[in-house]
Amino acid sequence: MLEIQNLSAEVSGKRILNDLNIHIGDGEVHVLFGANGSGKTTLFLTILGFPGYDVVEGKIYFKGVDVTELDTEKRVKLGMGVSFQHPPEIRGVKLGDVVEHLLKRRGGGDALALAEQLNLSEEFLSRDLNLGFSGGEVKRSEILQLLAQNPDFFMFDEPDSGVDVENVELLGKITNEMLEREKRPSERKKSGLIISHIGYILNYIKADRAHVMLNGRIACSGITEEIYDHILTEGFEGCVARCGGRDTA
Amino acid sequence: MSSEEVNIESYRTEGGEHDEIASLEVLSEYENELLAAGIDPEETDRSGSFLQQDHSVVFAKSLIPGLEIMATDEALEKYPWLDEYHWNLVSRDKDIYTKEVAERPTQGYFLHAEKGAKITLPLQSCLFISKDKIRQNVHNIIIAEEDSELHIITGCTVSHKISSALHLGISEFYVKKGAKITFTMVHNWAGKVEVRPRSAVQIEDDGVFISNYIMMTPVKSLQMYPTAFCVGENSRATFQSIIYAPGNSNIDVGSRIVFTGKGSRGDIVSRAIATDDARIMARGDLVGEAEETRGHLECRGLMLSDNSVIESIPELKARKKDLDLSHEAAVGKIAEEEIRYIMARGFSEDEAVGMIIRGFLSLDIKGLPEGLARETKRMFEMTLDKVM
């Protein structure tokens, strides 16, 4: 699904990603750990091809297509989707209208029915995008837009930060469904990459592999549970030191 | 930045006469212009229509009892009592434009809702300029008698064939006790038209006045500062304006509410977008002169080009201690972050910008009956589609 080779990228002339490699197969879900400032969100936005995130070296292949030079719109149309951690407030643009637009692109669908899955009301759909949303509402609104978009590759930026336990459970359940985690591994088509600082979401989503980011590169990769345990006991740097920057899987 | 004075003499007061028409559909060659100003030639779901072309009232007809629609000259002749309303709220000597209209009036409309008449279907009025270099000096008088209700869609529009014109318009609105007027005005001018409306509203006890103003096409210059006088107890006034200024438009628009009635309330809300080389002055003024009054003023501006200018001047004047006036004003550009966020859902940059602009301009238009609200929204969308 996604293959990143020797990727280096800059934001405003400053090198953030350094010779980064990652491979996510069809039907796989990976989780990305790392301290604040390690480059996780930059990686997402570079994968998505955001303006201002300049690839200086390396390649990004998506579904076998070299998308390194492609603009965001085209990458999204190829099947990428992202949920943001801190989306901007946009006055006057209604959440419901965005969802309708996304559904229309797929040939139609019921916005309210999708919203109800996330315990969001019709009134909520008529609100301005992210304006005055609570932490939990932001996450649910992001997931709702992804549901409407129905991409093949999902990127979730901190879906569990600032959300109460009840909402994490709900979001975990819906995300599991979106990623077809209920299906047998061979039948799964959707892939995902989840940024998590705290790992709560992993109580609800089983990730196939985990990576630790440090200074703009993948410093350590392996089985999710092992990596998570190492981080809990020894911190990010301790975890990286333990695996010696190698793949432990 | 103040709008320069118009050279009135460069526009003509003769040669704008037309014969009456039997139906608005006769004007099919101008159908697009009329539709753009919210005028339905078929008069579907209308309580009546008024149309003035250049200097002549060519059509004036009420379709329901309790509502009168006629040319101002005719009304002044028919009703001597109208003298009390004529040049009562707006002074003849206010400026060169009021003086000009007082000296050389060229019609205008008289709209009258009788006591207790609840006219929920809107009436449509249109001031149309179809000839070049015309000076249109209209005087409108609108009266909603006690406990009546009147909804007006008014469009000011010009033929696509003309190169320049001047529109001067005096409007005096009277909202009597317990009455309600909603006034939805669409300006559909052109790049070489100069416009100077002078409007005032008087609202008595428990009366309600709501103005919705939409202006999305170029204009050479437009300057207006309508004032609502909330003289009655618990009277209400609302001004909402949506302005999209392209080209070389020079716009100086504000609304003022003067609260002299105890417990009166009012809101002024405006959204202004300046693009190309446009200049917008967005003003607002709340004057609190009575107890328990409350007013709020909100001006938001969006800049789409480095050659355009928006100045926002909100003013509050309090003359009693027991009142509450507030304002918020903000001018900015579309945040790059907002565009990218929408693009991350697979929209192109143009689509993202379009969605944000639409969102910015989409005020929930208040106080209109459901059908009219729907229609106004559709008209707004249509205009937006055209300009963007």
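**A close look at one asparagine**

Guide: Leave aside the neighbours within four places in sequence, and A:N167 is in contact with A:G136 and A:K139. Keep in mind that this is a predicted model. A:N167 is found in helix α7 of chain A, which covers residues 165–178. Is A:N167 buried or exposed? Count its C-beta neighbours inside 10 Å: there are 20. The cut-off for a buried residue is 20 or more, so A:N167 counts as buried. Now look for A:V212. It lies 45 residues away from A:N167 along the chain.

Go back to the partners, A:G136 and A:K139. Both numbers fall in helix α6 of chain A, residues 135–149. That helix has another neighbour to follow. Helix α3 of chain A spans residues 95–105, and the axes of α3 and α6 come within 8 Å. They cross at roughly 20°. Angles under 35 degrees count as roughly parallel, and α3(A) and α6(A) are therefore roughly parallel to each other. The crossing of α3(A) past α6(A) is right-handed. Which residues make the contact? From α3(A) come A:L95, A:V98, A:V99, A:L102 and A:L103. From α6(A) come A:S141, A:L144, A:Q145, A:A148 and A:Q149. Sort them by class: seven are nonpolar, three are polar and none is charged. An α-helix has 3.6 residues a turn, so residues three or four places apart point the same way.

The buried residues include A:K40, A:T41 and A:T42. A:F44 and A:I47 are also among them. Just after α1(A) sits A:G49, with a positive phi of about 80°.

Step back to the whole of chain A. It has eight helices and 12 strands. Its radius of gyration is 18 Å, close to the 18 Å that the globule rule gives for 249 residues, so chain A is as compact as a globular protein of that length. Its C-alpha atoms fill a box of roughly 50 × 40 × 35 Å along the principal axes. Of the 249 residues, 46% count as buried. Then take the contacts between residues at least 6 apart in sequence. In chain A, 69% of these join residues at least 24 apart.

Last, turn to chain B. Here 16 residues of chain B are in contact with 19 residues of chain A. On the chain B side, α4 (336–343) and α5 (349–361) each supply at least two residues. The largest share, five residues, comes from α4(B). By class, this side of chain B divides into eight nonpolar, four polar and four charged residues.

The axes of α4(B) and α5(B) are 9 Å apart, at an angle of about 115°. Their crossing is right-handed. α4(B) brings B:E338, B:I339, B:I342 and B:M343 to the contact. α5(B) brings B:E349, B:A352, B:V353, B:M355 and B:I356. In this contact, seven residues are nonpolar, none is polar and two are charged.

Note on methods. Residues are numbered from 1 along each chain as its sequence is written. Chains are lettered from A and ligands numbered from 1 in the order in which they are written. This is a predicted model: local features need pLDDT of at least 70, side-chain atom pairs count only at pLDDT 80 or more; totals for chains, interfaces and linings use all residues. Two residues are in contact if their C-beta atoms, placed from the backbone, lie within 7 Å. Helices (H or I, at least four residues) and strands (E, at least two) are DSSP runs, numbered from the N terminus. Ala, Val, Leu, Ile, Met, Phe, Trp, Tyr, Cys and Pro count as nonpolar, Asp, Glu, Lys and Arg as charged, and the others, Gly among them, as polar. The radius of gyration is taken over C-alpha atoms; the globule rule is 2.2 Å times the number of residues to the power 0.38. A residue is buried if 20 or more other C-beta atoms lie within 10 Å of its own, exposed if 12 or fewer, and partly exposed in between; C-beta atoms are placed from the backbone. Axes are lines fitted to C-alpha atoms, for helices over the stretch in contact, and angles run from 0 to 180 degrees between N-to-C directions. Angles under 35 degrees count as roughly parallel, over 145 as roughly antiparallel, 65 to 115 as roughly perpendicular and the rest as oblique. A crossing is left-handed if the near helix is turned anticlockwise from the far one by less than a right angle, and right-handed if clockwise.
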